[in-house]
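Here are my notes on the model you passed along. Have it open while you read.

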Amino acid sequence: MRAPLSLKARAIGLLAQREHSRTELRRKLLRIEQQRARQSAAAMTDEAIDAADDGDATPDAAEYDDEAVETTVDTLLDALAAQGYLDETRFVESRLHLRAGRFGTQRIQQELAQHGLKLDAEQQATLRDTELERARQVWVKRFGAEPSVEPTERARQTRFLLARGFAPDLVRRLLRL
């Protein structure tokens with residue numbers, strides 16, 4: 001049986017799959033490390049029970065310490081950032097590359113905000129400048145080249161584009177409502 005991977009190896013493995021924000025990677029590593037700490041504490045408690053059954057002195061039951069786990073994870077994240085493994089600029093660029101073809105500026109900004117990040121002024125300007133064309137491409141791919149004359153179908157198309165994060169005035173312009 002192989003020994004379990006270290007926390008650093010797990011973090012690098014996650015980063016090798018795709019870019020992560022610091023917040024997202026911290027959440028994942030905390031979950032992994034807390035689970036490992038709980039399992040370790042449970043194993044030590046089982047050993048203490050076995051020792052008590054054998055008549056040995058009962059050692060204190062081991063408890064995991066959330067603060068120690070958080071400190072360990074934060075120290076690891078600082079080291080990964082210093083070594084260039086964890087880069088939030090790369091994460092933002094990666095997220096923009098993945099999402100810009102399917103979503104509007106509002107949706108992308110909301111998604112980045114969930115990770116505690118923001119677009120810089122240049123990235124925002126680029127997204128806004130290309131938003132009409134991106135919305136047109138998404139709309140044509142989903143509904144075809146001609147806007148519907150039926151109000152219910154137009155409403156459906158409008159809701160679709162709004163849910164994708166495109167601005168309402170842009171959607172009206174696109175569908176010529």
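1. Ground rules. This is a predicted model, where local features need pLDDT of at least 70, side-chain atom pairs count only at pLDDT 80 or more, and totals for chains, interfaces and linings use all residues. Residues are numbered from 1 along each chain as its sequence is written, and side-chain values use heavy atoms, with hydrogens and water left out.

2. Confidence overall. The mean pLDDT (the predictor's confidence in each residue, from 0 to 100) is 87 for the protein, and 88% of the residues score at least 70. Helix α5 (residues 105-114) has the highest confidence at 95, while helix α2 (residues 22-53) has the lowest, with a mean of 81. Helices here are DSSP runs of H or I with at least four residues, numbered from the N terminus.

3. Over residues 58-62 the pLDDT stays under 50. For that stretch the model has seven contacts (heavy atoms within 4.5 Å) beyond four places in sequence.

4. α1 against α3. Helix α1 covers 7-17. Its axis and that of helix α3 (residues 66-82) come within 11 Å and cross at roughly 55°; axes are lines fitted to C-alpha atoms, for helices over the stretch in contact, with angles from 0 to 180 degrees between N-to-C directions. That makes α1 oblique to α3, oblique being whatever is left once under 35 degrees is called roughly parallel, over 145 roughly antiparallel and 65 to 115 roughly perpendicular. On the α1 side you'll find L7, K8, A11, I12 and L15, meeting T72, V73, L76 and L80 of α3. The residues of this contact split into seven nonpolar, one polar and one charged (Ala, Val, Leu, Ile, Met, Phe, Trp, Tyr, Cys and Pro count as nonpolar, Asp, Glu, Lys and Arg as charged, and the others, Gly among them, as polar).

5. α7 against α8. Helix α7 (residues 151-163) packs on helix α8 (residues 168-175) at about 140°, with the axes 10 Å apart. The pair is therefore oblique too. From α7 come R154, Q157, T158, L161 and L162, and from α8 P168, V171, L174 and L175. The tally for this contact is six nonpolar, two polar and one charged.

6. E19. Look in the loop between α1 and α2 for this one. The E19 side chain makes a polar contact with the side chain of R90, at 2.9 Å (a pair of N or O atoms within 3.5 Å; within protein, one must be able to donate a hydrogen and the other to accept it, and residues adjacent in sequence count only if both atoms are side-chain atoms). Leaving out residues up to four places away in sequence, E19 touches E24, D87, R90, F91 and S94.

Note on methods
Helix = DSSP H or I, 4+ residues; strand = E, 2+ residues; numbered from the N terminus.
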